[in-house]
Amino acid sequence: MITSFLFYTFSLILVISALGVIASRNLVYSALFLVLAFVQSAMLWLLIEAEFLAVVLVLVYVGAVMVLFLFVVMMLDVKSESLKDNFNRYLPMGLLLSLVIVIEIVHVVWFRSQDVISVLLPQANPESYSNTQALGALLYTEHVYAFELAGVILLLAIVAAISLTMRRRPGLKVQDVPAQVNVKSEDRVRLVKVPSNKDSSR
C-alpha cells in the first residue's frame, strides 16, 4: 500500500516537473525543473531496489551534468524571443506526439495490464544480492562496447558545448596566438639614445 502511494506521488511530481521543463519561459527555471525530474526518477529507481542507479542518477546528472548545463545556458546567452517563436512553431507537432505517447501508455496499462504489468513487477531480492556487482558484470562483459560508445558520445558532446561557447560575438576580444608568437622585438621596442646630463652641460 505504501509502495503504491509513493509510486503515484513520485510519478505525479515527475510529470509536473517534466511539464515545467518545456513550459517554463526561463531557461534556468527549466533546468531546475529538470533537476527535480531527475530526483523523482531516482526515487522511482529506489522503489524497485536499484539503489546504485538512483545514486548515480543524482550524483552524475544532478550533481555534474546539470551544473554544466547551467553554465552552458548562461554562457550561450540564448535569446528568449527566439525560443518563444520556436515554441509556438513546434507546439502542434509536440501536442500530436504527446497524444500518441499517452494513447500508447493507456493501451499498455489499461488493456494489457494482466499480461504485461504482472510480468514487470520486480521480485524482492535477498539481502546478500548486490545490484552494483551485477550491473558492473553486465557493463564490462556483455555491454562493454556500448559502454565505451557512450563515453565517446559524451566526449563529443563536451567538445560541441565548448565549440558553441567559443563562437565569435560582436565586440568580443580574442587573442591571436600565432601573431603574438611571430612578433619581433624590433617591431615592438624602439631604442632611443638619450643624452646624459654631462653631454647637455657641454
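## A nonpolar patch on the surface

A patch is made of residues with over 30% relative accessible area and no salt bridge, and nonpolar side chains are joined into one within 5 Å. In this predicted model, such a nonpolar patch is formed on the surface by Ile13, Tyr29, Leu32, Phe33 and Leu36, which together have about 430 Å² of accessible area. Helix H2 supplies the largest share of the nonpolar patch, with 4 residues.

Phe33, one of the residues of the patch, is found in helix H2. With a relative accessible area of 31%, Phe33 is partly exposed, because that class lies between the limit for buried residues, under 20%, and the limit for exposed ones, over 50%.

## The chain as a whole

The secondary structure of the chain comes to 10 helices and 0 strands, so that, read from the N terminus on, the elements run α-α-α-α-α-α-α-α-α-α. Of the 202 residues of the chain, 11% count as buried, and the accessible surface comes to about 17,100 Å², of which 69% belongs to carbon and sulfur atoms. Among the contacts in the chain with a separation of 6 or more, 62% are accounted for by residues 24 or more positions apart.

## Helix H1 and its packing

Helix H1 covers residues 2–23, and its 22 residues should span 32 Å at 1.5 Å a residue, which agrees with the 31 Å that separate its end C-alpha atoms. Within H1, the residues Phe10, Ser11, Ser17 and Gly20 are buried, and the buried residues of this helix pack against helix H2, which runs over 27–47.

## Aromatic pairs

The count of aromatic pairs comes to 3, for rings whose centres lie within 6.5 Å. One of them joins Phe7 and Tyr8, whose ring centres are 5.4 Å apart and whose planes stand at 70°, so the pair is edge-to-face. Phe7 counts as partly exposed at 40% relative accessibility, whereas Tyr8, with a relative accessible area of 59%, is exposed.

Phe38 and Tyr61 form an aromatic pair that is tilted, with 5.3 Å from centre to centre and 50° between the planes. This pair links distant parts of the chain, since Phe38 lies in helix H2 and Tyr61 in helix H3 (residues 51–76), 23 residues apart. Phe38 counts as buried at 18% relative accessibility, while Tyr61, at 38% relative accessibility, counts as partly exposed.

How values were computed
Residues are numbered from 1 along each chain as its sequence is written. This is a predicted model: local features need pLDDT of at least 70, side-chain atom pairs count only at pLDDT 80 or more; totals for chains, interfaces and linings use all residues. Side-chain values use heavy atoms; hydrogens and water are left out. Helices (H or I, at least four residues) and strands (E, at least two) are DSSP runs, numbered from the N terminus. The expected span of a helix is 1.5 Å times one less than its number of residues. Buried means under 20% relative accessible area, exposed over 50%, partly exposed in between (1.4 Å probe, protein chains only). Contact means heavy atoms within 4.5 Å. Patches are made of residues with over 30% relative accessible area and no salt bridge: like charges are joined within 9 Å, nonpolar side chains (Val, Leu, Ile, Met, Phe, Trp, Tyr) within 5 Å. Accessible areas come from the Shrake-Rupley method with a 1.4 Å probe; for residues, only the protein chains shown count as cover. A salt bridge is a side-chain nitrogen of Lys or Arg within 4 Å of a carboxyl oxygen of Asp or Glu. Rings of Phe, Tyr and Trp (its six-membered ring) pair if their centres lie within 6.5 Å; planes under 30 degrees apart count as stacked, over 60 as edge-to-face and the rest as tilted.
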